[in-house]
Structures are given as structure tokens and as C-alpha cells.
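Here is a short report on one protein chain. Keep the sequence and the 3D view open as you read.

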Amino acid sequence: MASVARPAVAPSNATFKDKEKPQEVRKANILAARAVSDAIRTSLGPKGMDKMIRTKNGEIIISNDGATILKHMASCPDVEAGDGTTTVAILTGAFLGAAERLLSKGIHPTLIAESFQRAAQRSVEILLDMSYKISLDNREQLIRAATTSLSSKIVSQHSQLLAPLAVDSVLKVINEEEISSGPDETIMKKNVDLNDIRLIKKVGGTIDDTHLVNGMY
């Protein structure tokens with residue numbers, strides 16, 4: 001009687017037979033992210049150095065703004081917060097460097113990710129304890145906050161002019177909305193749509209010529 005050969009059945013863990021492959025992929029991703037971090041590391045802070053970027057159209061851009069650099073490197077503008085792109089990229093590179101060292105010790109990626117999440121939650125708690133609320137009615141505090149943000153930009157030497165202009169332009173487009181009211185108190189919510197602020201560039205002038213033009217209400 002002839003015997004029928006059965007087809008070989010691959011073991012259930014055949015897909016994960018090469019355990020080094022996922023490790024290589026993680027390392028490649030970490031190296032790529034750290035390369036981006038290292039590229040903009042020296043542009044952080046008031047003493048950050050300018051970067052010269054050549055776009056695909058041949059245009060030369062000189063900037064030390066992290067959002068501008070990353071936008072032309074990887075089309076990743078800082079939409080969420082409007083600032084802090086350089087800091088985020090550098091911190092990401094540092095975290096990935098730490099993750100790479102932990103992975104090399106055999107610690108599972110899930111455990112590393114969960115630990116980062118717990119550290120992030122604790123960091124938020126610490127920052128909230130350190131922070132204090134700023135009233136939109138306090139123009140001087142808002143100007144100081146804007147000046148601090150401008151201190152790391154290429155126009156930092158003009159912050160005394162630009163910071164008040166930025167604050168005043170935002171204050172003029174605030175929309176107040178009543179969210180609740182009681183017998184003795186009315187709570188108003190203040191929203192700002194930055195699309196209501198238009199920036200117009202004119203060739204031939206200087207930054208000192210910048211001024212605010214009130215729109216129609």
C-alpha cells in the first residue's frame with residue numbers, strides 16, 4: 001500500500017523564529033529619530049546656532065527655529081502647541097537612547113513603554129504644581145511670557161517690539177462665551193481663533209517697521 005506524504009506544518013512560532021529581526025528594526029528606528037534630534041540639538045535656547053537649509057526648490061533658509069527646521073526636514077510643523085518643537089525632538093532622542101540601552105539588556109519593549117507613560121504622568125503632575133495661572137486680563141504677564149518664547153528665536157533682539165504686538169493682536173480677537181451662570185456668578189469662557197490674525201509681509205522694510213493694524217469688528 002502506498003503511503004501518502006503529509007505536507008509539513010510550520011510551527012506556530014515560525015513567524016517569530018528570527019528574534020533578532022524586531023530588535024534590528026527597533027534599533028534602526030531609534031537611530032533615525034536620534035539623528036533628527038542631533039541635527040537640531042545645537043539650535044536650542046537663546047544661544048542656539050542657526051541652521052542653513054536648502055529646500056528642494058533650491059531656496060536657502062537660515063533659521064534656528066525647531067519647527068522651521070523640522071518642517072523642511074520631515075514636514076512636521078508644531079501644530080499642537082505652537083512652540084517647543086526643538087525641545088520635543090531633543091527629549092525624544094534622549095528617551096530613545098535610554099530605550100536602546102534598556103532593550104540591549106533584554107527588557108521587554110512593553111515594559112519600557114509603560115514606564116515612560118508613568119514617568120510622563122508624574123512629570124505632568126510636577127509641572128502643574130510648579131505652574132500658576134495667568135489671567136488674560138494681565139497684559140504685562142502675557143508680554144513676559146511672549147518675550148520668553150521669543151528669546152530662542154532668530155528675532156530675539158526685537159522681542160521688546162514683537163512681544164507686545166503679539167499679545168495685543170491675540171487680545172483683540174478673544175471671543176467670550178458664557179458656559180454657566182448662577183444666582184451670584186457668571187462664568188465666561190474665552191476662546192481665541194488664531195486664524196483671525198493675519199500676518200502680511202512687505203519687501204523692503206525692517207522688523208522695526210512691524211506694527212499692528214486693527215481690523216473691523
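## Salt bridges

This is a predicted model. The count of salt bridges in it comes to 3.

Start with arginine 122 and glutamate 125. They form a salt bridge, and their closest N and O atoms are 3.1 Å apart. Both residues lie in helix H4, which covers residues 109–130. They sit 3 residues apart, about one turn of the helix.

## A network around arginine 139

Which residues are linked in a network of salt bridges? They are Arg139, Glu140 and Asp168. Take the links one at a time. Arginine 139 meets glutamate 140 in a salt bridge, at 3.8 Å from N to O. A salt bridge needs a distance within 4 Å, so this pair at 3.8 Å counts. Arginine 139 also meets aspartate 168, with an N to O distance of 2.7 Å. Aspartate 168 belongs to helix H6 (residues 159–171) and arginine 139 to helix H5 (residues 139–150), so this pair ties together parts that are 29 residues apart in sequence.

Now check the accessibility. Arginine 139 has a relative accessible area of 33%, so it is partly exposed. Glutamate 140 has 46% and is also partly exposed.

## How H5 and H6 pack

Look next at the two helices themselves. H5 and H6 pack at an angle of about 125°, and their axes are 8 Å apart. That angle makes H5 oblique to H6. Why oblique? The crossing of H5 past H6 is right-handed.

## The chain as a whole

How many helices and strands does it have? There are 6 helices and 4 strands. From the N terminus on, the order of elements is α-β-β-α-α-α-α-α-β-β. The chain has 217 residues, and 19% of them count as buried.

## A buried leucine

Find leucine 103 in helix H3, which spans residues 85–104. Is this leucine buried or exposed? Leucine 103 counts as buried, because its relative accessibility is 11% and the cut-off for buried is under 20%.

Now compare sequence with space. Leucine 103 and glutamine 23 are 80 residues apart in sequence. In space, their C-alpha atoms are 8.1 Å apart.

## A nonpolar patch on the surface

Turn to the surface. Which residues form a nonpolar patch there? They are Met52, Ile60, Ile62 and Ile154. Together they have about 410 Å² of accessible area.

Methionine 52 is one of these residues. It is placed in strand E1, residues 51–54. Methionine 52 has a relative accessible area of 62%. The cut-off for exposed is over 50%, so methionine 52 is exposed.

Terms used: Residues are numbered from 1 along each chain as its sequence is written. This is a predicted model: local features need pLDDT of at least 70, side-chain atom pairs count only at pLDDT 80 or more; totals for chains, interfaces and linings use all residues. Side-chain values use heavy atoms; hydrogens and water are left out. Patches are made of residues with over 30% relative accessible area and no salt bridge: like charges are joined within 9 Å, nonpolar side chains (Val, Leu, Ile, Met, Phe, Trp, Tyr) within 5 Å. Accessible areas come from the Shrake-Rupley method with a 1.4 Å probe; for residues, only the protein chains shown count as cover. A salt bridge is a side-chain nitrogen of Lys or Arg within 4 Å of a carboxyl oxygen of Asp or Glu. Buried means under 20% relative accessible area, exposed over 50%, partly exposed in between (1.4 Å probe, protein chains only). Axes are lines fitted to C-alpha atoms, for helices over the stretch in contact, and angles run from 0 to 180 degrees between N-to-C directions. Angles under 35 degrees count as roughly parallel, over 145 as roughly antiparallel, 65 to 115 as roughly perpendicular and the rest as oblique. A crossing is left-handed if the near helix is turned anticlockwise from the far one by less than a right angle, and right-handed if clockwise.
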